[in-house]
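This report looks at the pockets and at one stretch of surface in the structure shown below.

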Amino acid sequence: MDQQVVNMILVGIGETLYMTFFSSFLAYLFGLPMGIILVVTDKDGVKPCQPVQQILGFLINIFRSIPFVILLIMVIPLTRAIVGTTLGPTAVVVPLVIAAAPYIARVVESSLKEVDAGVIEAAKSMGASSWQIVYKVLLPESKPSLFVGGALAVTTVLSYSAMSGFVGGGGLGDIAIRYGYYRYQTNIMLITVAILVIIVQIIQEAGMKMARGGDKRIR
């Protein structure tokens, strides 16, 4: 493997990490509030509001049901309007955020619903407001589960970013497709796959370590 291929793979790693972590950050800006709203407005939530809960849940389910490759094509006009191009890592961030935010919302919802109802009732009895229950009870108590869910969400975004190679999104997925699929250079494809596996393992281990650190029961 010559230096040119090594440099190409290094650039691909950088592009993949950029797409994965930047998209995950932006997706959490949307997904985290949506997940909180789903829990708070649930029939057993702090502020029950079935219309809001059902409408938001319906919209989330719609976007979650769209395969990412199809979503990539569907949002091309939006991507071009926001970024100015449909090619490259930055352009892929738009569909990645749209695809990941609903998934993150469901992950957050699941984590928050694991909090013991008795803890929430105790906070209510002490006069805590809805915001205080969310900020001081739900989020801290669900921290370990949120970290584990966060690792799963980031690895999901990583897998989406690899698929973006089919539309010129860049990164390791693009290298694997161009060299492994179109040029039959299996060695390069296997190297990119191995690197992706390593990145996934690092993300998962980091998530588990953060979850253990945030779990008050094992301190």
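This is a predicted model: local features need pLDDT of at least 70, side-chain atom pairs count only at pLDDT 80 or more; totals for chains, interfaces and linings use all residues.

At least two lining residues come from each of helix 1, helix 7 (130-141), helix 8 (143-163) and helix 10 (186-214), and helix 8 gives the most, with six residues.

The second largest pocket has a lining of 16 residues, of which Phe30, Val97, Ile98, Ala101 and Pro102 lie nearest the centre. Here helix 1, helix 2 (50-64) and helix 5 (89-112) each supply at least two residues, and helix 5 gives the most, with seven residues.

The volumes and the classes of lining residues are set out below.

| Pocket | Volume | Lining by class |
|---|---|---|
| Largest pocket | about 400 Å³ | 14 nonpolar, three polar, one charged residues |
| Second largest pocket | about 320 Å³ | 15 nonpolar, one polar, no charged residues |

Phe30, one of the residues nearest the centre of the second largest pocket, also belongs to a nonpolar surface patch that Phe30 forms with Tyr18, Phe22, Phe25 and Leu29. Together these five side chains' residues have about 520 Å² of accessible area.

Note on methods:
Residues are numbered from 1 along each chain as its sequence is written. Side-chain values use heavy atoms; hydrogens and water are left out. Patches are made of residues with over 30% relative accessible area and no salt bridge: like charges are joined within 9 Å, nonpolar side chains (Val, Leu, Ile, Met, Phe, Trp, Tyr) within 5 Å. Accessible areas come from the Shrake-Rupley method with a 1.4 Å probe; for residues, only the protein chains shown count as cover. A salt bridge is a side-chain nitrogen of Lys or Arg within 4 Å of a carboxyl oxygen of Asp or Glu. On a 1 Å grid over the protein atoms alone, a cavity is a set of points where a 1.4 Å probe fits but cannot get out, and a pocket is an open set with protein on both sides within 12 Å along at least five of seven lines; lining residues have an atom within 4 Å of a point. Grid points are joined across faces, edges and corners, and a volume is the space filled by probe spheres set on the points. Helices (H or I, at least four residues) and strands (E, at least two) are DSSP runs, numbered from the N terminus. Ala, Val, Leu, Ile, Met, Phe, Trp, Tyr, Cys and Pro count as nonpolar, Asp, Glu, Lys and Arg as charged, and the others, Gly among them, as polar.
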